[in-house]
Number of protein chains: 2
Amino acid sequence: MQGNKNIMKRNIKLLMEYDGGRYDGWQRLGKKNSGTTIQGKIEEVLSKMTGETIELIGSGRTDAGVHARGQVANFHTDSDMKCWEMKYYLNRYLPQDIGILYVSDVPERFHSRLNAKSKRYIYRVATGDVPSVFDRHYTWYCFDRLDMGLMKEGADLMVGQHDFKGFSSVKKTNKSTVRTVSQIDIDVKEREIDLIFEGNGFLYNMVRIMAGTLVEIGTGDRESETVKEVFRTKNREKAGMTLPPQGLFLDEVFYE
Amino acid sequence: MQGNKNIMKRNIKLLMEYDGGRYDGWQRLGKKNSGTTIQGKIEEVLSKMTGETIELIGSGRTDAGVHARGQVANFHTDSDMKCWEMKYYLNRYLPQDIGILYVSDVPERFHSRLNAKSKRYIYRVATGDVPSVFDRHYTWYCFDRLDMGLMKEGADLMVGQHDFKGFSSVKKTNKSTVRTVSQIDIDVKEREIDLIFEGNGFLYNMVRIMAGTLVEIGTGDRESETVKEVFRTKNREKAGMTLPPQGLFLDEVFYE
C-alpha cells in the first residue's frame, strides 16, 4: 500500500456547470493561472473549505471560452464535512458563473477522467436573419442558410471509429488519435441549430472543427464527401474552420 | 390638415428584442441620455439611416435593466428604403444587445402606444438550490421553496379590474390607476418558475411588485388574502417587495 497517499481518504465527486466566457479554460497550468481557470477557482475554494491543498481531477479539459452544463471532477480529502455542506459552501464562495450541481461520496477507485466512458458535447449555432440577443454569449451566429439534409449526410460520414487527427489541432503525437463518435444529432429549433456529438473521446478542438466542417457542408461551401478525405489524409487543412468557443458546451460525461 | 406634420410620410413599425442589462431603460429623457437608453440608441441609428431627425414612439417604457422580447415602436419618415434594407441596416449598426426582429409599413394612423390593447410581461424566478449560471442575468434567484398552490391563489385574487395603485410606485396622480389584469399564469420549469402577466396596462413597477407579492405568498411570508387589502387600502406599503429588474421581460404587445 506504500505510495498510495489517498488511502483512507474520502473521494468526492462534483457535478458542475460553468459559463466559460471569462476563463482561460478548465485546466490550471502550474500555479500561475489558478485564478483565471475553472479548475483553479474551484481548487482555491476547496482548499479554503478543507484546510488542505486540494487537487481537482477533471473529466477532461475545456478550452478557453467553452462552457459546461455537466462537467465532472473528483478530489480526495480528510474532511468530514457533509456533502450538502460542501455544496452550500462551494456555491456560496464560487463566482456566479460557476455552479456546483451535485456533490457525492464515491468509491476510492473512482477517477473522473480515467473512468469516463463517453461524453456529449453540444455546439449551438444561432440561425435566422437576426441572432437572439439573449443567447449572444452562448451561440455562434451563422448568417447563411443551412441545408439540414446536407449536414445530416456529413454527420453520418463522421460517425464511427476513425482516426480524427485531421479534425483536430493535435500536432505531432505518439498517442493514438483514433476515436469513436457514436452519434451526431442535429436539433433544429426556432432560431438555432444544435449539433450534438457523443463519443468515447474528443481530441483538441475536435468538436469545434467537426461543427465548422458541418456548417460549411450545410452552406454548400463544401461537399459532404470531403469528410472521407479528411479521414484518409489526416490533414487538418482538408477539414473546415474551427468554430469559436462560445457556442460549445460540454453537456454530459458518462460513466459505467 | 394643418399641423399634421406627418402627412404623407411613411409610418414604420418595429418589433424589437433587447437585453436591458446595461441600459437606463427604454425612454430617452431629452438628449442627455440618448446613448444609455434603448430608445435613444435606436433613434441615433434611424437618424443616420434616414438623414432625418427620427423620434421613436414606443408601446411603453421599460425600466432600467428590464428586457424585452417583443417591444413595439413606430416612427415617421420620408425615406424610400425598403423594410428589409432598414432591418439589415439597423441590425448592422445597433449594438449586439438590441435586435430588430421585424420592420413593416403600417397605416398612418397606427400609434404603438395609443393602439396597444394589452401586453404580456414575464417575470422569471430561478429556483432550486443552485441558480443556473447561464440565466443569471435574466432571472432573479429565490432560494426559498415556493408553494404553487398558494401562489395560484394569490394570482387569482389579482386578476380582474382593480385599482392597482397599491401595487405600483406611482406617486400622487390625477390619472386613473385602474387597470385590468386579464390573466396570470404560473409556468413551472425545471429550475425556474415563470410568472406571466397579461393586461390592458401596467403602472410603474406594477409587474415587479405583483411578482414580489406572489413570491412572498409562495414562501409563506404573507397570506394570499393580503392582496385584497392592497386593493382596498391602495397602500404600497401593504404589498410585497419590488423584485429586481433583471428577471422582467416585456414579452408581447397586442394590437387589434
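Okay, let's start with the charges: there are 2 salt bridges between domain 1 of chain A and domain 2 of chain A. By salt bridge I mean a side-chain nitrogen of Lys or Arg within 4 Å of a carboxyl oxygen of Asp or Glu. For instance, the side chains of Arg69(A) and Asp251(A) pair up that way, at 3.2 Å from N to O.

Quick housekeeping: this is a predicted model, where local features need pLDDT of at least 70 and side-chain atom pairs count only at pLDDT 80 or more, while totals for chains, interfaces and linings use all residues. Residues are numbered from 1 along each chain as its sequence is written, chains are lettered from A in the order in which they are written, and side-chain values use heavy atoms, with hydrogens and water left out.

So where are these domains? Domain 1 covers 10–106 of chain A and domain 2 covers 118–255; those bounds come from an automatic or database domain assignment. Their centres, taken over C-alpha atoms, are 27 Å apart.

Now, how many residues touch? On the domain 1 side of chain A we have 16 residues, in contact with 18 residues of domain 2, contact meaning heavy atoms within 4.5 Å.

And the area? Together the two domains of chain A bury about 1300 Å², with 51% of it on carbon and sulfur atoms. Buried area is the accessible area (1.4 Å probe) that two parts lose on being put together, summed over both. In domain 1 of chain A, the residues losing the most area to domain 2 are Asp63(A), His67(A) and Arg69(A), together 45% of what that side buries. Notice that Arg69(A) is back again, our salt-bridge partner of Asp251(A).
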